Amino acid sequence: MKQHSSGFVIGIIGSIILGFGVVAGSWFGLRSMWGVGYEPGILSATKTGSNSATLSVSTFPDSHVCHANVGEPQIDWVTYCPTTSFKVPANSVITIVINNYDSATPIINDYFRQVYGTIGGDELVNNKPVRAVNAEDISHTFTLQSTPDSPHPLFVSVPLVGVPDDAPTPVNIAGQSYPQPNTISFQFRTGPPGTYVWHCYDPCGNDREPPYGFSGPMSTTGYMAGTLTVANY
Amino acid sequence: MSETDIDPIIGSPAPESKEPRHLRRVLILWAVFSVIGIAVWLAVARFILPPAATDLDNSDNFTLLVFTVLAVPVAMFVWVFLGYSLIVFRVKERPIADGIPLKPTPLLQIGWLSITGILCLFLVIWGLFGFYQETSAAPSNALVVQVTGQQWLWTFYYPQYGVSSQGQVLELPVNRPVIFNVTSKDVLHGFAIRALGVRVDANPGEVTTTPVVTPTRTGSYTVVCVELCGLYHSYMWSAVNVVSESSFSSWVVSQGGHV
């Protein structure tokens with residue numbers, strides 16, 4: 001049997017280890033890229049008139065309903081549902097209805113207690129007009145903002161009132177039990193076509209405590225952040 | 001260093017013709033390119049430097065202008081010597097002899113240290129003078145704006161008027177000193193308004209006060225975040241409107257504040 005030098009053997013072993021490292025690195029890298037590049041499906045607002053439309057979404061304390069196929073830890077992430085990419089008609093009054101199934105996470109920036117940019121300067125919480133919400137009672141915000149190149153700036157921010165922590169869970173969706181949601185609705189006007197971003201400004205991410213409350217779903221497209229496209233249709 | 005400081009290569013054959021005066025050539029080239037470079041910079045600077053809306057930013061632009069004028073000869077010194085050497089002393093064959101031994105020259109060493117020392121001292125004095133201007137006491141009528149950075153939005157609160165800006169807008173009156181108290185609610189952000197000469201880190205849990213700036217030109221400018229802060233960092237911006245005092249008062253009332 002041919003004898004090999006120790007350097008040759010070490011080289012073979014090193015190459016195998018390096019090869020596994022390259023494969024593992026590629027796998028984790030690709031997986032991260034898929035996460036970063038995730039583009040959820042688009043939900044178009046339903047036209048209710050020539051210059052009006054309605055968009056209905058929900059917020060859940062976990063991802064069982066909207067991201068049922070993801071593993072840990074994403075399955076436990078809070079999320080908007082059914083998507084975070086919205087399309088609304090241009091030059092229209094848009095009504096957004098949000099069913100919030102989540103409990104409160106106190107906000108840390110009082111600015112987001114207020115309602116901004118809506119028609120009438122308020123939102124309806126279970127059909128009651130509200131201009132500001134107690135910081136302790138907020139579970140999320142829906143804050144729509146312009147990008148630097150937006151020719152027609154748009155800014156809308158509403159706080160979403162959370163359900164009580166100890167509320168009963170009589171609602172069953174996709175095999176999961178949730179409490180009766182708070183229904184928040186508000187209206188705003190769109191201008192010409194353009195693209196905007198929206199985001200939740202309540203630290204509702206991992207651990208729900210600063211600074212970790214801003215990670216996980218708060219920093220991932222498809223959960224608590226997304227886009228709103230204003231288009232002609 | 002002069003040609004007389006360079007020993008001929010030991011053992012090499014005597015040159016057949018008189019060696020050209022390389023040092024003189026290089027110095028002439030350096031002087032010519034430096035003058036051209038400075039002239040070009042002075043001609044294009046006005047198109048490169050953004051318009052200043054405060055005296056502080058005017059000072060910043062002037063500093064950039066002067067420092068670049070000083071940097072051009074230094075850069076040319078390196079590039080001309082390098083380029084000249086690459087072209088004139090290029091040989092096709094692989095050299096087999098040692099390089100030319102260099103002797104220490106006191107005049108050269110003292111000159112080099114003196115020139116660079118004076119240059120650095122000038123920059124330090126310039127910086128100290130600018131720092132003194134920026135940290136001088138705030139006037140009594142200064143407008144205070146509390147700036148809060150949060151992924152990924154700037155929010156602005158005017159404590160003297162009890163009002164927040166309702167959107168991505170920072171409204172400022174012209175010719176009135178402004179102080180920004182900057183903080184962050186989550187991670188490190190960078191609060192920067194180039195036209196006002198303002199750039200400061202927004203640190204979580206700490207309030208950083210900027211130098212007093214006085215916008216002297218009405219117009220529209222931009223706040224940007226200059227610290228990479230996450231998913232929508234590039235969208236973390238706000239418009240800055242420098243308006244007349246009366247327009248500013250109207251705006252304060254429109255936002256729900258009191259004048």
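Which strands of chain B do the buried residues of H4(B) pack against? They pack against E2, strand E3 (163-164), strand E4 (169-173) and strand E10 (237-243) of chain B. The model is predicted.

**Helix H4 of chain B**
- Helix H4 of chain B runs over residues 245-254, and its buried residues are B:Phe248, B:Trp251 and B:Val252.
- These residues lie on the same side of H4(B), because they cover an arc of only 100° around the axis.
- The exposed residues B:Ser246 and B:Ser254 sit on the face of H4(B) that is turned away from the buried side.
- Just after H4(B), B:Gly256 has a positive phi of about 100°.

**Contact between chains A and B**
- Chain B gives 19 residues to the contact, and chain A gives 20 residues.
- On the side of chain B that touches chain A, the elements giving two or more residues are strand E1 (143-150) and strand E2 (153-158) of chain B.
- That side of chain B is made up of eight nonpolar, nine polar and two charged residues.

**Chain A**
- Chain A contains one helix and 15 strands.
- The radius of gyration of chain A is 23 Å, whereas a compact globule of 233 residues would have one near 17 Å.
- The C-alpha trace of chain A spans about 90 × 45 × 35 Å along its principal axes.
- In chain A, 36% of the 233 residues count as buried.
- Among contacts in chain A with a separation of 6 or more, 70% come from residues 24 or more positions apart.

Note on methods:
Residues numbered from 1 in each chain as written. Chains lettered and ligands numbered in written order. Predicted model: local features only at pLDDT ≥ 70, side-chain atom pairs only at ≥ 80, totals over all residues. Contact = placed C-beta atoms within 7 Å. Helix = DSSP H or I, 4+ residues; strand = E, 2+ residues; numbered from the N terminus. Nonpolar A, V, L, I, M, F, W, Y, C, P; charged D, E, K, R; others polar. Buried ≥ 20, exposed ≤ 12 C-beta atoms within 10 Å, placed from the backbone. Arc of directions from axis to C-beta. Rg over C-alpha atoms; globule rule 2.2 N^0.38 Å.
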